[in-house]
Amino acid sequence: MKIAVLSRNKNLYSTRRLMEAGEQRGHEMILLDHMKCVLVIEQGRPHIYFNGKEIVGVNAVIPRIGASATFYGSAVV
């Protein structure tokens, strides 16, 4: 399963543990800073880019979104 963790800080203990636990269970874990994601809203095909690459095939999203970025973070989810 491909799981995206949305977090602004890869060094937070909780974020690191989520990544480690997923990898230990055989999941492909990707960490995305939701404030650096580009949302493209096309009719019938909305998609997200991160660092210039389209994010595809994600099966689950774990949001680690702080109060200061709730609106944009929830749009990414």
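## A buried aspartate and its salt bridge

Let's start with Asp-33, which counts as buried at 9% relative accessibility; buried means under 20% relative accessible area, exposed over 50%, and partly exposed in between (1.4 Å probe, protein chains only). This is a predicted model, where local features need pLDDT of at least 70, side-chain atom pairs count only at pLDDT 80 or more, and totals for chains, interfaces and linings use all residues. Residues are numbered from 1 along each chain as its sequence is written, and side-chain values use heavy atoms, leaving out hydrogens and water.

What does Asp-33 pair with in a salt bridge? Its partner is Arg-8. A salt bridge here puts a side-chain nitrogen of Lys or Arg within 4 Å of a carboxyl oxygen of Asp or Glu. The structure holds three of them:

| Salt bridge | N to O distance |
|---|---|
| Asp-33 and Arg-8 | 3.0 Å |
| Arg-17 and Glu-20 | 3.0 Å |
| Glu-54 and Arg-45 | 2.8 Å |

Arg-17 and Glu-20 sit three residues apart in helix α1, so about one helical turn separates them. Helices (H or I, at least four residues) and strands (E, at least two) are DSSP runs, numbered from the N terminus. Arg-17 is partly exposed at 33%, and Glu-20 is too, at 35%. In the remaining pair, Glu-54 is partly exposed at 28% and Arg-45 at 41%.

Now for the chain as a whole. It has two helices and six strands, in the order β-α-β-β-β-β-β-α. Of its 77 residues, 27% count as buried.
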